[in-house]
There are 2 protein chains.
Amino acid sequence: MPANDALSRLLHPRSVAVIGASDDALRIGGRPISYMLAQGYQGRLLPVNPNRQQIQGRPAFASVAALPETPDVAIVAVAARLAPQVVADLGARGTPAAIVFSAGFAEMGEEGARLEQQMVAAARASGIRLLGPNSLGVLNPRIGFYGSFTSVVEMGFPQPGRVGIASQSGAYGSHILGIAREFGIGVSSCVMSGNESDITLGDLVQAFVDDGDTDVITVYSEGIRDGAGLQAALEAARRARKPVVMMKVGTSAVGCAAAQSHTASIAGNDAVTDAVLADHGVVRARSTEHMLDVARLATRRIYPVNNSLGVITVSGGAGVIVSDAAEAAGLPMPEMPAAAQDHLKELIPFAAPRNPVDCTAQFMNDLSIAGRFAEAVVEEGGYQSILGFFTYTVGAASIADGLRAQLKAVRDKHPDRLFVLSILASKERVQQYEADGFTVFEDPARAVVAIEAMGRFGQAFARRPGQPVPVVQQVALPAETPSEAEAKRVLAEAGIAVAPERSCATADAAVAAARELGYPVVMKILSPDILHKSEIGGVLLNLGDGDAVRAGFATLIERGQNAAPGARIEGVLVAKQLSGGVECILGIQRDPVFGPMAMFGLGGIFVEVMKDVVLQQCPFGEDVAERMIRSIKGAPLLLGARGKPPVDVKALAAMLSRLSVFAHQAGERLQSIDLNPVFALPAGQGAYAADAVIELLPAAAAPLLEQSEEDAA
Amino acid sequence: MPANDALSRLLHPRSVAVIGASDDALRIGGRPISYMLAQGYQGRLLPVNPNRQQIQGRPAFASVAALPETPDVAIVAVAARLAPQVVADLGARGTPAAIVFSAGFAEMGEEGARLEQQMVAAARASGIRLLGPNSLGVLNPRIGFYGSFTSVVEMGFPQPGRVGIASQSGAYGSHILGIAREFGIGVSSCVMSGNESDITLGDLVQAFVDDGDTDVITVYSEGIRDGAGLQAALEAARRARKPVVMMKVGTSAVGCAAAQSHTASIAGNDAVTDAVLADHGVVRARSTEHMLDVARLATRRIYPVNNSLGVITVSGGAGVIVSDAAEAAGLPMPEMPAAAQDHLKELIPFAAPRNPVDCTAQFMNDLSIAGRFAEAVVEEGGYQSILGFFTYTVGAASIADGLRAQLKAVRDKHPDRLFVLSILASKERVQQYEADGFTVFEDPARAVVAIEAMGRFGQAFARRPGQPVPVVQQVALPAETPSEAEAKRVLAEAGIAVAPERSCATADAAVAAARELGYPVVMKILSPDILHKSEIGGVLLNLGDGDAVRAGFATLIERGQNAAPGARIEGVLVAKQLSGGVECILGIQRDPVFGPMAMFGLGGIFVEVMKDVVLQQCPFGEDVAERMIRSIKGAPLLLGARGKPPVDVKALAAMLSRLSVFAHQAGERLQSIDLNPVFALPAGQGAYAADAVIELLPAAAAPLLEQSEEDAA
């Protein structure tokens with residue numbers, strides 16, 4: 001059975017066997033049966049228990065072999081040691097998918113890990129797909145399928161709807177499910193992936209992309225295992241116009257341990273996740289509430305491409321709160337056109353008509369004012385998203401129905417716009433507005449954050465392919481981490497501009513090189529064993545004549561020998577000292593999950609203190625590189641602050657893009673690259689790397705890396 | 001009557017007259033009566049209406065004069081034009097306080113403003129205190145006092161409790177009141193200040209400080225009018241150990257208009273509010289939910305001085321969410337002691353015992369484990385605050401009561417600790433836990449933010465007086481904005497170190513001065529009419545010999561004449577070029593609400609782009625100055641990053657502190673000071689201002705300033 005079909009069955013089984021079925025509705029093997037009986041599961045329920053004729057009133061079967069049909073999904077709720085055989089039996093019958101509740105596998109140490117491998121091997125042999133082990137299961141409230149033993153449903157079963165939930169944690173996934181119910185969010189399916197011995201988070205996202213019942217995908221992750229698989233699924237979601245909102249908690253210990261290089265220690269592992277998710281148009285949620293706010297609004301399926309917010313309010317203060325929140329979120333709130341403002345002023349002389357449009361409490365005397373103000377904001381203001389702050393006034397007995405009618409009329413005339421209300425009202429009143437097509441938030445600031453996210457989805461869905469990545473000559477990597485001179489030679493071969501320089505084995509050669517390059521020069525120790533030269537005093541700046549170069553040569557050799565006894569010292573590097581530009585840093589760091597990531601920032605001491613850097617997964621074109629450069633906080637320094645000339649951004653972008661392609665092509669031996677500093681010279685004069693460090697795994701060690709990645713997962 | 005007594009009566013009236021009382025329970029003059037009748041107001045209710053014998057079943061009186069007693073509080077619900085006379089009548093009877101509902105005053109233009117002044121004059125004549133006009137009034141649910149016409153109570157009356165609410169907005173104050181009710185927050189009083197013609201926000205905070213029924217003060221502000229009064233009240237709250245949590249929305253237009261100088265344009269007006277509020281230990285809320293989360297937890301009255309968080313969880317994922325949130329909030333989560341970890345490992349071998357302490361789902365099989373884990377976190381971990389994440393498990397029928405008993409036993413043993421639970425449960429279950437002394441949050445991340453705030457209150461309450469401000473010689477200010485040389489002379493007189501320099505009227509004098517100071521030198525145009533010299537090319541750096549100085553003199557004079565025709569050019573300033581230190585900026589900006597504010601940041605181009613600055617209200621001692629210096633993000637650059645020597649922080653702090661005292665003493669004519677750059681030299685070598693700009697109002701214009709401040713209010 002194709003993988004997609006098995007996952008589709010997992011969400012929508014026509015028949016479910018429960019292996020280890022219990023008559024006790026509170027036991028792990030009893031809960032799913034009790035839940036499905038309570039919720040009227042629409043398929044066939046097949047309990048398996050060798051010791052009982054009946055389970056919770058249903059006929060039971062003695063074994064997998066004794067089942068009267070091959071189930072679409074089997075729930076495995078037996079002791080861990082028995083699970084591999086059960087999976088083998090299920091596979092032998094051609095069962096598409098099994099949900100393994102059983103715990104006591106890889107999460108419990110080495111012995112459990114062996115058992116898990118045994119079970120996976122049994123599954124691979126027959127092609128049956130496994131969710132878990134140690135999974136809290138799958139719930140599909142649309143068909144009453146409860147392949148789960150979560151007790152969160154004791155508080156109430158989830159409402160059926162069109163939001164999919166994929167969670168790596170059972171406990172937190174259930175917590176989300178409980179809060180979703182409070183938020184009034186309808187669920188298509190909720191899947192908790194457990195140990196992910198087979199089915200991964202990426203598979204689940206893809207299953208929701210393929211699922212006709214799911215419009216919006218929410219994801220809770222504690223650690224991404226299969227980066228490429230997840231990225232493929234996220235990209236499929238983007239193309240299918242299904243918004244993904246994701247909570248990724250914590251920072252991966254693996255990533256931190258791997259953060260040896262300059263680049264990684266500046267940027268941090270969590271920033272990598274941010275960059276990759278943003279690339280796919282995923283909205284990364286900061287909290288459970290944030291995730292569910294965004295998901296709830298997203299079910300309206302209105303994703304403005306050029307989002308803008310028009311606000312109608314009955315309180316100036318709320319207008320300010322909304323404006324503050326919109327500015328913080330980066331959601332534009334353009335002013336109303338002047339003519340529209342005049343026209344509103346005619347209706348209420350003391351109204352504030354700019355945006356927020358404050359219709360004041362006056363509207364309570366003449367409800368048509370609320371309608372005319374709302375219509376003006378939508379029609380004349382032309383905003384993609386409209387937020388109305390009416391707070392508790394919607395509940396006032398004298399106006400409640402009239403106000404609702406006014407607002408509904410405007411809403412119905414403009415089905416393409418996103419309408420959100422911030423009101424305080426009874427549950428019934430809120431439900432009426434929701435049914436009218438308004439999404440309701442009590443807190444206007446939370447509404448703004450959710451509205452902004454809809455625009456991000458819209459932008460991502462509308463995104464066209466960027467520039468193609470440049471063609472970069474495939475360069476053979478050295479057998480091990482190269483010296484600075486060798487690193488620069490490799491980069492130059494890949495078309496990355498380095499500062500003119502010479503390797504010199506003697507003081508005489510250094511003096512000759514300096515004369516040829518022109519004073520002042522920079523001198524650096526040249527050794528494959530000394531990576532971070534400035535830390536040992538291995539860099540001398542601003543050498544102005546031959547005597548200084550000669551003395552510098554002696555100083556550097558001595559410092560190199562003192563700092564790293566036994567280091568292979570090949571001499572010194574003499575380079576022309578660049579000036580007049582802005583120092584930048586370009587870096588590459590191999591992320592264990594997402595592969596090579598490029599970093600750009602302003603160089604020198606400030607990048608380390610200010611952490612003002614941007615990351616992007618490799619490879620990418622010059623358009624993306626330029627967007628990165630322009631996105632850092634310090635960008636004005638590059639673009640001509642305080643009357644200084646702008647730097648050669650085009651050349652800098654070309655270098656960054658080529659570096660990303662080089663890193664992508666270099667393969668898994670490449671650990672990191674630091675180009676620090678890169679001198680971005682004034683426009684038209686180019687950009688040059690003045691120092692370069694490339695860290696490589698030894699040629700023979702590549703298989704070891706793959707091993708360690710496997711462990712990390 | 002003393003002011004405090006009148007405000008106390010306003011919150012706790014023994015009798016209330018309603019002037020303009022209406023028989024219609026939906027009208028402004030009818031609602032307070034209907035609310036008080038419904039809620040059983042404990043005092044005497046005295047409707048005043050010349051046309052009716054009875055109002056809503058109560059005997060009515062024809063006029064203020066006809067009242068059978070002097071009411072503690074009168075509600076004025078008459079047309080605006082009648083209000084001044086009513087206030088005069090009430091004052092004549094000795095009424096302590098009036099709540100003016102009537103609108104149509106200063107908020108409606110000039111004519112209304114005149115009417116408002118007339119009413120205030122009438123009040124001042126008798127001493128009656130006014131809330132409003134345009135106020136939605138006062139609610140005290142503890143005694144059933146509803147001196148308000150807000151319709152938010154149609155959704156339900158507020159619960160009585162110990163949280164005071166002071167709001168400048170009626171609509172938003174009511175919105176907060178509605179959400180407080182949903183959050184289960186009990187209210188002592190809620191007051192909405194309207195136009196603040198008399199009683200200000202500061203008065204209301206002071207009233208809550210003095211109010212024996214209020215433990216926690218929440219404040220919603222759209223614009224602070226009386227900075228000094230508010231600050232005095234906030235300081236009184238701090239000394240009384242009453243936490244204040246405040247939403248201050250928007251950025252003051254007044255402040256922005258005044259933001260002419262360098263310092264203000266960098267720091268922004270909102271940052272001034274942040275700095276001043278933090279100084280008084282006020283927690284500034286980012287949203288309504290944030291404010292009410294903090295207020296709700298604060299009602300436990302546990303404010304740890306050295307806050308730390310211990311977490312017990314049943315989900316590893318929730319533990320990570322809490323750790324992420326604690327790191328973001330700056331709340332320490334130290335590890336459990338090693339011995340305690342070993343002991344927990346004995347209870348559950350696969351538990352994660354560090355902190356968060358993960359007791360896994362195992363506890364459901366043996367509930368004593370939850371109690372023993374919780375006890376270990378409290379007793380052995382020694383944390384001031386404890387957060388338990390039990391999500392929906394608290395509701396599972398089989399364990400609910402047992403778990404509650406386990407947790408309650410631990411809580412009862414440690415009444416001094418702050419106990420918070422993140423659970424999903426029925427309202428009844430949540431109320432049980434709340435009654436047991438646990439504050440409940442569904443979202444663990446929101447719990448962490450609130451817990452962190454309790455520590456900030458604790459720190460503020462425990463704060464000892466800092467170092468006294470240094471004695472700075474009172475310096476006579478020049479009659480108008482001085483030239484750079486004059487500015488430096490004034491500052492030097494106040495003991496602020498400036499770089500050695502000479503004013504030179506001729507090129508010869510400049511060459512002589514340069515020789516005396518030692519090359520290289522800096523030269524700057526010297527003119528009281530050119531404030532920002534570098535923008536007109538009026539600064540020349542690194543002049544190495546006499547020829548360069550002579551040529552530079554001519555260049556500067558020419559540039560000065562071209563850039564500012566008619567400017568008084570007094571010559572040039574020749575200064576020794578400082579090097580080897582770190583460039584900083586020290587500034588003063590007079591805030592229209594809070595007076596002179598000092599700013600510190602790293603100098604040069606980065607401060608403008610990175611906005612990495614810190615603000616503090618003047619004056620302050622060297623301890624505060626040093627704390628400011630160490631608090632900026634770029635502080636490592638001052639403290640010795642990358643092997644560079646640390647700068648003379650003591651000298652820098654002394655300069656900053658003296659500058660703050662100078663600014664404070666200078667009075668209202670001082671608009672701003674920019675010391676940019678200040679060279680902070682290596683430790684022991686001092687810090688020197690290399691440039692200084694002082695902006696003054698002309699000596700005659702000081703009264704004008706006061707006028708404009710009055711307008712701003």
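1. Let's start with a cysteine. The sulfur of A:Cys618 has its closest cysteine sulfur in A:Cys584, 17 Å away, which is too far for a bond. A disulfide here means a pair of cysteine sulfur atoms within 2.5 Å, and a search of the whole structure turns up zero of them over all chains.

2. A quick word on what you're looking at: this is a predicted model, where local features need pLDDT of at least 70, side-chain atom pairs count only at pLDDT 80 or more, and totals for chains, interfaces and linings use all residues. Residues are numbered from 1 along each chain as its sequence is written, chains are lettered from A and ligands numbered from 1 in the order in which they are written, and side-chain values use heavy atoms, with hydrogens and water left out.

3. Back to the cysteines. A:Cys618 is buried, at a relative accessible area of 10%, and A:Cys584 is buried too, at 0%. (Buried is under 20% relative accessible area, exposed over 50%, partly exposed in between, with a 1.4 Å probe and protein chains only.)

4. Now over to chain B. B:Tyr220 counts as buried, at 1% relative accessibility. Its C-alpha atom is separated by 7.5 Å from that of B:Ser169, 51 residues apart along the chain.

5. What does B:Tyr220 touch? Leaving out residues up to four places away in sequence, its contacts (heavy atoms within 4.5 Å) include A:Ala318 and A:Ile321 from chain A, as well as B:Tyr172, B:Leu201 and B:Met247 from chain B.

6. The side chain of B:Tyr220 also reaches the backbone oxygen of A:Gly317, at 3.5 Å.

Note on methods:
A polar contact is a pair of N or O atoms within 3.5 Å; within protein, one must be able to donate a hydrogen and the other to accept it, and residues adjacent in sequence count only if both atoms are side-chain atoms.
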